[in-house]
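Thanks for coming. I have one structure to go through, so please have a look at it first.

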Amino acid sequence: MRRSVWVAFLSAALVVAGSGLIALTATGVFDRSESKKPAGAAPAPASSVRTKTVAVPAEPTAVPTTAPTGVATPAQPATPAQPATPKRPSRSVAPPTTVSIRATKYVFPIGGCRADASQSHHDYPASDIFADRGCRFVSPVDGRVDEVTRVDTWNKKTNVGRDRGGLSISVVGVDGVRYYGSHLSAIGAGIKPGLVVKAGQTLGLTGNTGSAQVTPPHLHFGISWPTAPGHWWIRRGAVAPQSFLNAWHAGRQLSPVALVGKVRRAYGVDRGCRDYC
């Protein structure tokens, strides 16, 4: 009885052992990698032998230069246009820095009448332009009216220098020179200091007011530089005008600007009347 029980127990143990071997083989514990481990190595934990699936990012692919048919490609930003090279101006076009300057125009100061200018003058530079009474005294240049004397206060007994001119008008030209005419018989309406006038514009009429009462009618003509009001000893004439009058009478243009500047520098400081006061 005991022998049969022991045999049965051994048979059952063999069956259980065989089942265990089959189960271990099914779980993959005895795979090829394990079979290559050296003897005595510790078995790896069950989690280290599990297979994990990891997503690997794909390599960037080049964008095709030609889009497939039917697929819209995004518009590329437009390349900015290069500015056009400016053309050089033609020879007929003046450079922008070129400035046209109109020359000053001069005219003889008596208009509409025969007139003869003296080639000399007593005591100081000036010219007596003899013409009939009532001839037009015109502005010899574009400019503005400087001083006007409408009342004749000259007295033969006193012969004061400031009164000798009688009725008179002076004009400061656009050239910076002052032109003076006196002994007038009349002064034009509206002629007053500050009025802008043109060359050839009538200012007054010739006559014999002031110290010319004892002489034939004429226009006393003087050239000078501008001064403060009342400086009659400069206004009456400081630069010899004969060469300019002769040129204007002949229709030629001759400017007194350079000579006026030279004489003014030589004159020096103005301390009042110096001659024939």
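Start at W248. Not counting residues up to four places away in sequence, W248 touches Y106, V107, F108, P109, P140, Y179, F221, I223, L254 and P256; contact here means heavy atoms within 4.5 Å.

A word on the source. This is a predicted model, where local features need pLDDT of at least 70 and side-chain atom pairs count only at pLDDT 80 or more, while totals for chains, interfaces and linings use all residues. Residues are numbered from 1 along each chain as its sequence is written, and side-chain values use heavy atoms, with hydrogens and water left out.

Now the core. A nonpolar core is a set of buried Ala, Val, Leu, Ile, Met, Phe, Trp, Tyr and Cys residues joined through side-chain atoms within 4.5 Å; buried is under 20% relative accessible area with a 1.4 Å probe, protein chains only. The largest such core has 35 residues, and W248 is among those with the most contacts inside it, including Y179 and I223. Elements giving two or more residues include β7, β10 and α4 (242–249), and α4 gives the most, with 4 residues. Helices (H or I, at least four residues) and strands (E, at least two) are DSSP runs, numbered from the N terminus.

Which way do the residues of β10 point? H218, H220, G222 and S224 point one way, and L219, F221 and I223 the other.

Last, the neighbours of β10; strands pair if DSSP finds at least two bridges between them. β3 (residues 127–130) is joined to β10 by 4 bridges, antiparallel, with F130 opposite H218. β7 (residues 178–187) pairs with β10 over 5 bridges, also antiparallel, and R178 has S224 as its bridge partner.

How values were computed:
Buried means under 20% relative accessible area, exposed over 50%, partly exposed in between (1.4 Å probe, protein chains only).
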